[in-house]
Amino acid sequence: MDGSTTNGIDAVCTVDRPWGHFQQFVANQVVTVKTITVRPGHRLSLQRHHRRGEMWQILDGPMDVVVGEQAWLAQPDELVWVPRGSAHRIGNPGQRPARVLEIAFGAFEEEDIERLEDDYQRD
């Protein structure tokens, strides 16, 4: 993982991205769990995954959420299911960093990201 740093625990790493960072707790087990922090006014790419589905719990917010053809403003503690293969995105319309707890079901690989749109011109 590019930009990754560890916090002293082998199973946990922090990875910086242009929109903020995420903490990954486990990988390639039954599930992968991480928190995603999104900077104010930033959003992740519109993306989909072919090898995993995701469940998000909004920790701070509200957060702009897109799953498939649906878009809404998700509130703290809201759970969002992202089926495998569905286009999805989260964004932070607020004035403070906002976090999402993500649980990925299936093989977790950053290479499984198919970016459909990206504010940072990444592939």
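Visitor: Leaving aside its neighbours within four places in sequence, which residues is Gln47 in contact with?
Guide: The model is a predicted one, and in it Gln47 has its place in strand 5. Once the neighbours within four places in sequence are set aside, the contacts of Gln47 are with Ser86, Ala87, His88, Ile113, Glu114, Arg115 and Leu116.

Visitor: Is Gln47 buried or exposed?
Guide: The relative accessible area of Gln47 comes to 9%, and the cut-off that matters for this step is that a residue counts as buried under 20%. Because 9% falls under that cut-off, Gln47 is classed as buried.

Visitor: With which side chain does the side chain of Gln47 make a polar contact?
Guide: Besides its contacts with residues such as Ser86 and Glu114, Gln47 has a polar contact made from side chain to side chain, at 2.8 Å. The partner in that pair is Ser45.

Visitor: How far apart in space are Gln47 and Val66, C-alpha to C-alpha?
Guide: Along the sequence, Gln47 and Val66 are separated by 19 residues. Taken from C-alpha to C-alpha, their separation in space is 10.0 Å.

Visitor: How much space lies in the largest cavity?
Guide: The structure holds one cavity of 30 Å³ or more, and the space that lies in the largest cavity is about 190 Å³.
Its lining is made up of 20 residues, and those closest to the centre are Trp19, Lys34, Leu44, Gln47 and Ile113. Strands 4, 5, 6, 10 and 12 each give two or more residues to this lining, around a space of about 190 Å³.

Visitor: How many residues of the lining of the largest cavity are charged?
Guide: Sorted by type, the lining of the largest cavity includes seven nonpolar residues and four polar ones. The charged residues in that lining number nine.

Visitor: What share of the residues of the protein chain count as buried?
Guide: The secondary structure of the protein chain comes to zero helices and 12 strands. Among contacts with a separation of 6 or more, 62% join residues 24 or more positions apart. Of the 123 residues in the protein chain, the share that counts as buried is 40%.

Methods:
Residues numbered from 1 in each chain as written. Predicted model: local features only at pLDDT ≥ 70, side-chain atom pairs only at ≥ 80, totals over all residues. Heavy atoms only, no water. 1 Å grid on protein atoms, 1.4 Å probe; cavity = no way out; pocket = protein on both sides within 12 Å on 5 of 7 lines; lining within 4 Å. Points joined across faces, edges and corners; volume = space filled by probe spheres on them. Helix = DSSP H or I, 4+ residues; strand = E, 2+ residues; numbered from the N terminus. Nonpolar A, V, L, I, M, F, W, Y, C, P; charged D, E, K, R; others polar. Buried < 20%, exposed > 50% of the residue type's maximum accessible area, 1.4 Å probe, protein only. Contact = heavy atoms within 4.5 Å. Polar contact = N/O pair within 3.5 Å; in protein donor to acceptor, adjacent residues only side chain to side chain.
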